[in-house]
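Thanks, everyone. I have one structure to go through today, and I will keep to what can be computed from it.

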Amino acid sequence: MGPLRSVVLCGGGTGGHIYPLLAFADCLRRHDPNVRITCLGTPKGLENELIPPHGYDLRTIPAYQLPRSVNMNLVRTPGRMWTAARAAGKVIDEVRADVVVGFGGYVSVPGYLAAWRRDLPIVIHEVNVPPGVANRLGMKFTRHVAVGFPHQPQQAEALRDARVVGVPLRRGIAGLDRVAYRNAARARFGLRPDLPVLFVAGGSQGARSINLAVSGAAKELARYGLQVLHVIGARNEPVPVPTDLPVPYVTLPYLSEMELGYAAADLMLGRGGAMTCAEVAAIGLPTIYVPYPHSNQEQKRNALPVVEAGGGLLVDDAELTPDWIERTVIPLIRDPHRLAAMGAAAADYGRRDGDEALLRFVHEAVAR
């Protein structure tokens with residue numbers, strides 16, 4: 001593969017766009033410490049909190065929310081979209097980019113438009129079905145489309161010819177040996193090394209329904225000697241946990257190093273975001289998925305293939321109650337043979353090399 005001298009990465013708004021961008025940036029830098037990496041973001045997006053601390057150049061440009069339908073009139077009509085594209089183009093010209101790689105979010109659209117006007121290679125990475133509106137628009141300008149999961153080309157016509165590369169994951173997760181790191185991770189949270197751990201996390205903002213269901217079952221979980229590591233979410237109220245439990249029930253508002261939670265856990269309970277599904281499958285962590293109910297069911301589509309492969313369970317948000325947890329979670333987490341089989345099935349479905357596979361795909365696009 002020939003060297004890439006300068007790469008512009010687009011993605012912002014949510015962790016689902018930014019975390020794979022950062023993992024791919026790390027991969028680029030591992031292969032060539034001299035490659036110039038420039039990230040496009042918006043002034044107010046989550047990327048401002050995540051990208052600069054990782055040591056990457058973040059250039060902010062104006063970006064605007066798009067209508068939910070995609071057609072060429074969307075490009076022709078709003079002058080502000082061209083204003084944003086001009087701003088992206090100035091960055092692309094300044095850094096003399098070889099390629100633009102987009103991960104979705106509204107900030108990707110100006111990057112795609114600017115690259116298209118300059119006849120620069122565009123590579124799109126998509127993890128959802130249906131594709132996000134920004135990436136759907138970008139697909140009108142390039143055939144170089146990569147996806148994170150094998151079910152995506154089967155479920156979305158727009159992704160029929162996409163390359164399945166996996167999801168770029170941080171090295172701390174992609175290289176995680178859960179067994180080797182388990183005791184150290186449990187010690188970090190004040191958990192006992194000799195009792196099972198249920199890891200609960202409802203995404204970066206948490207999930208109130210999950211929080212209430214698990215905390216409501218706290219006494220019964222503890223009665224069976226089951227520890228809980230519970231990330232409640234930065235925007236959620238503290239969950240009511242009894243103070244006289246015989247085993248640890250640890251709550252955290254937020255956990256930036258998710259690999260610590262994964263390593264401590266025997267079983268996870270959480271939402272079905274694309275990044276969560278990719279991470280827990282890659283490391284072989286049995287997971288109970290509770291898809292976010294107020295959407296187009298994309299989280300259910302994310303989780304269903306790994307569940308069908310034997311790597312987890314699926315439960316509707318409305319069915320998740322303390323009683324359900326007592327009836328389902330307790331016997332599962334106390335069955336090491338079943339957990340081992342689920343973990344192996346998850347690992348067979350997942351992959352740890354999404355960053356390297358995407359890099360090979362980008363090199364192909366540039367070579368063409």
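Predicted model: local features only at pLDDT ≥ 70, side-chain atom pairs only at ≥ 80, totals over all residues.

The protein chain is split into domain 1, which covers 6-169 + 352-367, and domain 2, which covers 172-349. So much for the bounds; next, the separation. Taken over C-alpha atoms, the centres of domain 1 and domain 2 are 30 Å apart. On the domain 1 side 16 residues take part in the contact, and on the domain 2 side 17 residues do.

Now the area. The size of an interface is often given as the accessible area lost when the parts come together. Here domain 1 and domain 2 bury about 1,400 Å² between them, and 59% of that is on carbon and sulfur atoms. Which residues of domain 1 lose the most area to domain 2? They are Phe 149, Leu 169 and Arg 352, and together they make up 46% of what that side buries.

Helix H1, residues 15-31, gives the most to the side of domain 1 that touches domain 2, namely four residues. By type, that side of domain 1 has ten nonpolar residues, five polar and one charged.

Next, the aromatics. A search of the whole structure turns up three aromatic pairs. One of them is Phe 24 with Phe 103: the ring centres are 6.2 Å apart and the planes are at 55°, so this pair is tilted. Phe 24 is in helix H1 and Phe 103 is in the loop between strand E4 (99-102) and helix H5 (108-117), so the pair links parts of the chain 79 residues apart.

Last, the backbone. Most residues other than glycine have a negative phi, and most peptide bonds are trans. Arg 96 has a positive phi, near 55°, and lies in the loop between helix H4 (79-95) and E4. The peptide bond from Val 129 to Pro 130 is cis, with omega near -5°. Pro 130 lies in the loop between strand E5 (122-126) and helix H6 (133-138).

Key. Residues numbered from 1 in each chain as written. Heavy atoms only, no water. Domains from an automatic or database assignment. Contact = heavy atoms within 4.5 Å. Buried area = accessible area lost by both parts, 1.4 Å probe. Helix = DSSP H or I, 4+ residues; strand = E, 2+ residues; numbered from the N terminus. Nonpolar A, V, L, I, M, F, W, Y, C, P; charged D, E, K, R; others polar. Phe/Tyr/Trp six-rings, centres within 6.5 Å; stacked < 30°, edge-to-face > 60°.
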